[in-house]
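Subject: Structure handover

Dear colleague,

Here is the structure to be handed over. My notes on what was found in it follow below.

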Amino acid sequence: MENNKTAWERLSLVHTKGRPTIRDYIPLIFTDFYELHGDRYFGDDHAVMGGIARLDGRPVTVIAQVKGRNINENKDCNFAMPLPEGYRKALRLAKQAEKFHRPVICFIDTPGANAGMSAEERGQGEAIARNIAEFMTLRTPIISVVLGEGGSGGALALGVCDELAMLENAQYSVVSPRGFASILWKDASREEEACNIMQVTADDMVRLGVAEAVIEEPLGGAHNDLYKISENIKEYLSLKIREKCQKGIDELLKERYTKFRKIGEFME
Amino acid sequence: MTMFEDFFNVVKLRFNGNEDSSVPMFKCPRCQGTSPLDRYEELHRVCPNCNYHGRLSAPQRIAITADKDSFCEFDADMISCDPIDFPDYPEKQEELRESTGLKDAVITGTAEIRGIKTVIGVMDSRYMMASMGSVVGEKITRAFEYATDNGLPVIMFTASGGARMQEGIVSLMQMAKTSGAVKRHSDSGGLYITVLTDPTTGGVTASFASLGDIIIAEPKILIGFAGRRVIESTMRQRLPEDFQLAEFMQDKGFIDMIVERRRMRSTLAHLLSLHGFGEKEV
């Protein structure tokens, strides 16, 4: 792994044109993928995709945030900023996975939830809150992987899991560095400075107890070798899904609760 | 987040020159009308002219909600560390603890409302805009765990600018921690009533504030996930006047009822009673 990059340099890697997206990974990690659409209430959000597939022959449910690979794809998926119906689709598919005893694999790749008028009108806050609460007690294993950016509650809505892995250059943050600079210093142009002090890298996540694993990227970043990075992700998922499926579900749920329960620093 | 700080200090004390200048006056930030400050305070910070509901501190809220001397505080001495070594964060907290008398942005404990025992939590926007960091997350989580273990209902008065930026990702994870505790309380059959107060936004809206069995809001308060400024600047949309007000959010289906402050205590007592709390054993 490359240890000498700043958080900001890693973020620019994540923003590199050609960085693989979930659409690139699916055919290389899974077989028999069938995409399933819609939240059954309002619509089908293209910033979140989901479906059923096989991982090493085992049926799994895949839920992922979708980044575009070009401007047209990005317009279609709204730059991976989900609407409430995206989160509700994710919850529907997670519940379906629970019913059919399939493990859930979530891929996080979003700058944040959609901040727009229609998102507010349809209850962005409620949709995210509901996912967080329901995923906490979902009676099937959940593994989440941050592919690029994991921004704010929009990422956490797919981030309540038994184990979280970060790609080596991926970031996870309370808000995008730009938003952070804008909120705290009223100056969005200080985003580089923000990025470097926010503690957002894969190593930071492991140290803070947010992530359990870092998946190594090819030299120079994931875009340099799609096959290699897909193989690394697949290897991690195969191992973890097998491991979590062997555990009793009650024990797994207790550990999932504890994983989040213990995060925080205070004195009394 | 601190985006609402501007709003917080709008309630200014004015001395009205035309009347007896020794009577302190309250100027309402909504209707711009003035009324004697005593009258405004007597109404628990509600404007007598336009029904504007001003912000209350957590101790004030507890005083007007709980039976006298019934409040027992949990975790009164818990204070935050500095999980991501954020510049000046410990100093800023030190100052706020001094100036507000609070240890962080939420007070939790048990209380009785008309003799009915409940767990209660009240957020206080004077403390870093009641943003959620480790202490807020831990205290709320413990309050729900206590309620679950003791078969008690929970009433949360929410107010928040969102996540505590100075605690970075640790702050985001408090959303998961609190929501997990709410879910366990709910799964055990517990009653959870949320009272949204001004303003309830960001990560608090996207976690425990939206998970009540019954969600109440005070009139005309601000409720949302993303802030108005953020939406206007990023989406280049002009927003309607009433956007994200309690009435708007009720119309969109996210709030059960809007309750005026003077009726809040009796409403809560009735709701607790309707769920079987406080009923005499037969």
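A definition first: helix axes here are lines fitted to C-alpha atoms over the stretch in contact, and the angle between two of them runs from 0 to 180 degrees between N-to-C directions. Please also keep in mind that this is a predicted model.

The crossing of α6(A) past α6(B) is right-handed. On the α6(A) side the contact is made by Ala129(A), Ile132(A), Ala133(A) and Met136(A). The α6(B) side supplies Met175(B), Ala176(B), Ser179(B), Gly180(B), Val182(B) and Lys183(B).

α6(B) also packs against helix α12 of chain A (residues 249–261), at an angle of about 135 degrees and with the axes 8 Å apart. These two helices are therefore oblique to each other, and α12(A) passes α6(B) in a left-handed crossing. Tyr257(A), Phe260(A) and Arg261(A) of α12(A) meet Met173(B), Ala176(B), Lys177(B) and Gly180(B) of α6(B).

Nonpolar cores

The largest nonpolar core has 152 residues, and Ile63(A), Cys106(A) and Ile132(A) have the most contacts inside it. Helix α6 of chain B (residues 168–187) gives the most to this core, with eight residues. Apart from it lies another core, of seven residues, including Met25(B), Phe26(B), Cys28(B) and Tyr40(B).

Not counting residues up to four places away in sequence, Cys106(A) touches Ile63(A), Ala64(A), Ile142(A), Ser144(A), Leu158(A) and Cys161(A).

Ala7(A)

Ala7(A) is found in helix α1 of chain A, residues 7–14. Ala7(A) counts as buried because it has 21 C-beta neighbours inside 10 Å, where the cut-off is 20 or more. Leaving aside neighbours within four places in sequence, Ala7(A) is in contact with Gln171(A), Cys195(A), Asn196(A), Val200(A) and Thr201(A). Asp204(A) is 197 residues from Ala7(A) in sequence, and the two are 9.9 Å apart in space, C-alpha to C-alpha.

Confidence

The model scores ipTM 0.97 and pTM 0.94. Chain B has a mean pLDDT of 91, with 91% of its residues at 70 or more. Over residues 1–17 of chain B, however, the pLDDT is below 50, and this stretch has 36 contacts in the model beyond near neighbours in sequence.

Regards

Key: Residues are numbered from 1 along each chain as its sequence is written. Chains are lettered from A and ligands numbered from 1 in the order in which they are written. This is a predicted model: local features need pLDDT of at least 70, side-chain atom pairs count only at pLDDT 80 or more; totals for chains, interfaces and linings use all residues. pLDDT is the predictor's confidence in each residue, from 0 to 100. Two residues are in contact if their C-beta atoms, placed from the backbone, lie within 7 Å. A nonpolar core is a set of buried Ala, Val, Leu, Ile, Met, Phe, Trp, Tyr and Cys residues joined through C-beta atoms within 7 Å. A residue is buried if 20 or more other C-beta atoms lie within 10 Å of its own, exposed if 12 or fewer, and partly exposed in between; C-beta atoms are placed from the backbone. Helices (H or I, at least four residues) and strands (E, at least two) are DSSP runs, numbered from the N terminus. A crossing is left-handed if the near helix is turned anticlockwise from the far one by less than a right angle, and right-handed if clockwise. Angles under 35 degrees count as roughly parallel, over 145 as roughly antiparallel, 65 to 115 as roughly perpendicular and the rest as oblique.
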